[in-house]
Amino acid sequence: MTPDRYAVIGNPIAHSKSPFIHTLFAEQTGQAMTYERILAPLDGFRETVLRFRAEGGRGMNVTVPFKLEAAELCDRLSGRAARAGAVNTLIFHADGTIEGDNTDGAGLVRDLLGHGVPLEGQRVLILGAGGAVRGVLAPLLAERPAALVIANRTADKAEQLAADFADLGPVHGCGFEALAGPFDLIINGTSASLTGELPPLPDDLLGKGAVAYDMAYGSEPTPFQRWAQAHGARLALDGLGMLVEQAAESFYRWRGVRPDTAPVRQALGASHTA
Ligand code: ATR
């Protein structure tokens, strides 16, 4: 029997760790499948997806910059993908329809809880108000934090985002200058880490025993992780765990089997520093 085909699609895509992760999941769970990288031209996302499906593809992960276009392409969206307005997982159903899901927020929540970081009743701050933050708000609010504050360089965007999710829980938006701590958990969802920058943060944001989480990751701790360590964080995590957990959630949607993420995380050398 030919193995089922899956792929991650993006631009650029050469750096993606998804093929490594899904190949390990498939071996571990005995699923007959392959998983490849596909580079789509910036103006050719739709054609590339439909070609892969026509060639027998069963599903795809979608990464930068196509997550919004992916949502438009789908015949239907899961509730969390509709809320996120973005899709990172495409499921090609046997009846010819394409379903879109978004597993990013579930991946973040699972990684936090897996590190023993509580969310319920906690004061949580999330930095940034772009697509990456929008994608994780609903699953975060579902964990019932005492407060979820969205802070952004452009305050209007944070306020608008908070208004969009206000029906799901106690969420507020503001600019960095209006921030008042302390918080139990600070999540960096800005793209600042990617350029080695750090949002302008007051010194007293982290409460006693607070945790910092950067949704980005790299071979070195990010500027935000270093800031958190210098300001007394109990734990400063990067986003590699979120990457593995969102992959496991996509794998589960496709195959109906939940892989064990611990060995895969170990194989990737997931770093976390106290
Ligand atoms: P993504 O899909 O990664 O969320 P995005 O939608 O372009 O990308 O959003 C990027 C986010 O990072 C925004 O919240 C942006 O702030 P603005 O809305 O004010 O532009 C934030 N960001 C990017 N670089 C930043 C920096 N150097 N300092 C602070 N915030 C930054």
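**View 1. Residues surrounding the ligand in the predicted model.** In this predicted model, the ligand is surrounded by 13 residues. The closest of them are Ala-129, Ala-132, Asn-152, Thr-154 and Lys-157. Sorted by class, the shell around the ligand comprises seven polar, three nonpolar and three charged residues. The space that the ligand takes is the largest pocket.

**View 2. Backbone atoms of Gly-131, Ala-132 and Ser-191 and the oxygen atoms of the ligand.** A polar backbone atom of Gly-131 lies 3.0 Å from an oxygen atom of the ligand. For Ala-132, one of the closest residues to the ligand, the distance from a polar backbone atom to a ligand oxygen is 2.8 Å. Ser-191 also takes part through its backbone, with an N or O atom 3.0 Å from an oxygen atom of the ligand. On its own, the ligand has 640 Å² of accessible area, and the protein covers 72% of this area.

**View 3. The open sheet of six strands.** The strands follow the order E2-E1-E3-E5-E6-E4, and their pairing is mixed. Strand E2 (33–39) and strand E4 (76–77) form the edges, each pairing on one side only.

Notes
Residues are numbered from 1 along each chain as its sequence is written. This is a predicted model: local features need pLDDT of at least 70, side-chain atom pairs count only at pLDDT 80 or more; totals for chains, interfaces and linings use all residues. Side-chain values use heavy atoms; hydrogens and water are left out. A residue is near a molecule or strand if one of its heavy atoms lies within 4 Å of it. A polar contact is a pair of N or O atoms within 3.5 Å; within protein, one must be able to donate a hydrogen and the other to accept it, and residues adjacent in sequence count only if both atoms are side-chain atoms. Accessible areas come from the Shrake-Rupley method with a 1.4 Å probe; for residues, only the protein chains shown count as cover. On a 1 Å grid over the protein atoms alone, a cavity is a set of points where a 1.4 Å probe fits but cannot get out, and a pocket is an open set with protein on both sides within 12 Å along at least five of seven lines; lining residues have an atom within 4 Å of a point. A molecule sits in a cavity or pocket if more than half of its atoms lie within 2 Å of its grid points. Ala, Val, Leu, Ile, Met, Phe, Trp, Tyr, Cys and Pro count as nonpolar, Asp, Glu, Lys and Arg as charged, and the others, Gly among them, as polar. Two strands pair if DSSP finds at least two bridges between them. Helices (H or I, at least four residues) and strands (E, at least two) are DSSP runs, numbered from the N terminus.
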